[in-house]
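Student: Hi, I have a model open and would like to talk it through. Can we start with how the helices pack?
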Amino acid sequence: MNDFVLQTVTQILMPFIQVYGIFVVLNGHLSPGGGFAGGTILGASIILYALTVDVKAAEGIYPDERAEMVESASVLVFVLLGLISLMMGRNFLTNIGIFPSPETGTLLTGGFIMPVTLAIGAKVASTVITLFTHLFEEKKS
Amino acid sequence: MIRRIVATIMILLLGTVLLYMTSEMPRFGDPANPTNNELSARYMEDVIEDVNIPNIVTAIITDYRAYDTLGEATVLFAAIASVLAVLAMHSDSGRGTKLDE
C-alpha cells in the first residue's frame, strides 16, 4: 500500500507498540497480560509494518529464519527450565524452592515465571509473524 | 425445497435441545456455583505463599499448570511446523529444495 499518511503514522507508532508489547511480556506476573498477549502485540507491530510499508522490509527487520529458530529455541528454554528442578531432585517444572524469588511485586519475583513468560512471548511473536509472511506470500503467487 | 424443510426442522430440534440444556446450567452469580468451590478459594488465599506473585492468572498458567502451558507451546510449534510443511512447497522464498511438479 502506498499511502503516505498511513506509512508515516505506522512508522511513528511502531516503537510505541513494541515497547508496550515488551512491557506486557515483562510484567506478565505483576499486571494483566503475559507471554501470549504480549507476544501477539509484538507480532502485530511487525505485521502492521508489513501491511502498510513493505513486506520485504518487514522481513528485513525480523528475518524468517531467525523467527523459526527463536520459535524452536523458546520451547527448549521452557523444557530446560523445567529440567533444572528435576536435576535438583524435585518434580518437573517445580518453581518456588528451586529458583530465587525476591520480594513480592518486584520484577524478578516469582522464580522462573519471568523467563518462561519471555520465552512464550518470543515464541508467540515469531509464530504470528511466520504465519503471516507465509500466508501473504501464498496469496501473492 | 424438501431439503430446506428437513434442515429447518433439524436446526429447530437441535436448538430446542440446546436451550433445554442451558436451563439446567447454574444461575449466574450464585454463591453455590461449582466455580466458587474450595479450589479457587485456595488459589486466591495461597498464591503469594506458593508462587510469590500478585497475578493469580499468570501464577496458574505458568506455575500450577506449567505442564499444561508446555503442551500449549508444543501445540503452537506443531501448528507452525505443519503450516510451513504445507506452504513452503508453494512459496518462492521457501528455503531448501522445492518439490518437483
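Student: Is the crossing of H1(A) and H2(A) left-handed or right-handed?

Tutor: The crossing of H1(A) and H2(A) is left-handed. Keep in mind that this is a predicted model.

Student: Thanks! Which residues of H1(A) and H2(A) make the contact?

Tutor: On the H1(A) side they include A:Leu6, A:Thr10, A:Met14, A:Ile17, A:Gly21 and A:Val24. H2(A) contributes, among others, A:Gly38, A:Ile41, A:Leu42, A:Ser45 and A:Tyr49.

Student: And how many charged residues does the contact of H1(A) with H2(A) have?

Tutor: That contact has no charged residues; by class there are 11 nonpolar and nine polar ones.

Student: At what angle do helix H1 and helix H2 of chain A pack?

Tutor: H1 (residues 4-26) and H2 (residues 35-52) of chain A pack at about 165°, and their axes are 8 Å apart. Because of that angle, H1(A) is roughly antiparallel to H2(A).

Student: Zooming out, how many helices and strands does chain A have?

Tutor: Chain A has five helices and zero strands. Its C-alpha trace spans about 60 × 30 × 20 Å along the principal axes.

Student: What share of the residues of chain A count as buried?

Tutor: Chain A has 141 residues, and 35% of them count as buried.

Conventions:
Residues numbered from 1 in each chain as written. Chains lettered and ligands numbered in written order. Predicted model: local features only at pLDDT ≥ 70, side-chain atom pairs only at ≥ 80, totals over all residues. Helix = DSSP H or I, 4+ residues; strand = E, 2+ residues; numbered from the N terminus. Buried ≥ 20, exposed ≤ 12 C-beta atoms within 10 Å, placed from the backbone. Axes fitted to C-alpha atoms, helices over the stretch in contact; angles between N-to-C directions. Parallel < 35°, antiparallel > 145°, perpendicular 65-115°, else oblique. Left-handed = near helix turned anticlockwise from the far one by under 90°. Contact = placed C-beta atoms within 7 Å. Nonpolar A, V, L, I, M, F, W, Y, C, P; charged D, E, K, R; others polar.
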